[in-house]
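Hi everyone, thanks for coming. I'd like to walk you through a structure that may be new to you, so please have a look at it first.

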Amino acid sequence: SSLQNEMSETLKGSRFRWLNELLYVSHSKEAFKEFSQDRSLFDQYHSGFKSQVQSWPINPLDIIIEELKSIKQRKKIADLGCGEAQLAEKLGKQHEVQSFDLVAVNERVTACDVSNLPLKDESIDITVFCLSLMGTNFMDFLNEAKRILISNGTLKIAEIESRITNIKVFIEEVEKLGFKLVKKNEKNEYFTLFEFTKI
Ligand code: SAH
């Protein structure tokens with residue numbers, strides 16, 4: 001019945017919000033352990049994530065994909081917290097994209113905690129975090145991005161507006177790690193996009 005459908009949708013929504021909250025308040029080591037042990041958590045999270053993204057006028061991932069499409073040289077890109085690795089799917093021919101997430105939902109994804117990546121120092125041109133700075137230790141993720149980036153490499157971040165309480169402080173903290181802000185886009189109601197260069 002439609003009531004049953006409605007209840008099932010509501011339940012899915014609450015399950016998503018709970019898992020989303022859990023990822024934000026946990027250390028990534030814990031999240032990696034939990035999600036590795038029970039992959040259905042990831043499926044529940046992602047089915048909710050998809051409906052949330054659909055409710056937005058625009059998906060930040062599409063903006064990032066368009067920006068990367070316009071780069072003519074072939075780049076080595078690491079998509080960190082890639083979800084279903086749509087970036088690799090859409091740009092895999094043009095660039096060399098490697099995709100990482102807590103769970104490998106398809107053959108494009110390598111399962112790992114992005115605070116500890118199986119990549120060599122200074123081996124990547126562009127790192128992307130699209131809505132994936134999720135652990136209490138997310139600064140470790142950014143440090144790890146710095147380690148794998150070549151000098152002058154690019155760090156792209158898209159985050160939910162409400163996730164970043166103070167944009168100025170956030171930028172200062174990232175710059176302290178050894179990055180310089182290149183551009184920021186706050187035009188959207190729901191999220192902010194940042195681009196930094198490793199210095
Ligand atoms: N970037 C994708 C998915 C965003 S959802 C997109 O824009 O469509 C956020 C993703 O970050 C989730 O898939 C979650 O599992 C992942 N994530 C959060 N913390 C992580 C960590 N420590 N290591 C790897 N992935 C992580």
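Let me begin with a question: which residues of helix α2 are buried? Helix α2 runs over residues 28-37, and its buried residues are Ser28, Ala31 and Phe35. They sit on the same side of α2, because they cover an arc of only 55° around the axis. That arc is taken from the directions that run from the helix axis to the C-beta atoms. On the face of α2 turned away from the buried side you find the exposed residues Lys29 and Gln37. And the cover over the buried residues of α2 includes α1 (2-25), α3 (39-54) and α6 (138-148).

Some housekeeping before we go on. This is a predicted model, where local features need pLDDT of at least 70 and side-chain atom pairs count only at pLDDT 80 or more, while totals for chains, interfaces and linings use all residues. Residues are numbered from 1 along each chain as its sequence is written, and side-chain values use heavy atoms, with hydrogens and water left out.

A few words I'll keep using. Buried means under 20% relative accessible area, exposed means over 50%, and partly exposed is in between, with a 1.4 Å probe and protein chains only. Helices (H or I, at least four residues) and strands (E, at least two) are DSSP runs, numbered from the N terminus. A contact means heavy atoms within 4.5 Å.

Now the whole chain. The protein chain has seven helices and seven strands, and along the sequence they follow the pattern α-α-α-α-β-α-β-β-β-α-β-α-β-β. Its C-alpha trace spans about 55 × 35 × 30 Å along the principal axes. Of the 199 residues, 47% count as buried. Among contacts with a separation of 6 or more, 63% come from residues 24 or more positions apart.

Next, the ligand. How many residues surround the ligand? There are 19, and the closest are His46, Gly81, Asp101, Asp113 and Cys130; to be near, a residue needs a heavy atom within 4 Å. Aspartate 101 has a polar side-chain atom 2.6 Å from an oxygen atom of the ligand. Glycine 81 has a backbone N or O atom 2.8 Å from a ligand nitrogen atom, and for cysteine 130 a backbone N or O atom lies 2.9 Å from a nitrogen atom of the ligand. Taken alone the ligand exposes 570 Å², and the protein buries 97% of that. These areas come from the Shrake-Rupley method with a 1.4 Å probe.

Let's turn to the loop between β1 (76-80) and α5 (86-91), where alanine 85 lies. Alanine 85 has a phi near 60°, a positive value in a residue other than glycine, and at 0% relative accessibility it counts as buried. Glutamate 84 lies in that loop between β1 and α5 as well, but glutamate 84 is partly exposed, with a relative accessible area of 29%. Its contacts, leaving aside neighbours within four places in sequence, are Lys50, Val105, Asn106 and Arg108. The side chains of glutamate 84 and lysine 50 are joined by a polar contact of 3.3 Å, the term being a pair of N or O atoms within 3.5 Å; within protein, one must be able to donate a hydrogen and the other to accept it, and residues adjacent in sequence count only if both atoms are side-chain atoms.

Where does serine 99 sit? Serine 99 is in strand β2, residues 96-101, and it is buried, with a relative accessible area of 2%. Its contacts beyond four places in sequence include Ala85 and Arg108.

One last stop is leucine 131, in the loop between β4 (124-130) and α6. Leucine 131 also has a positive phi, near 60°, and is buried at 7% relative accessible area.
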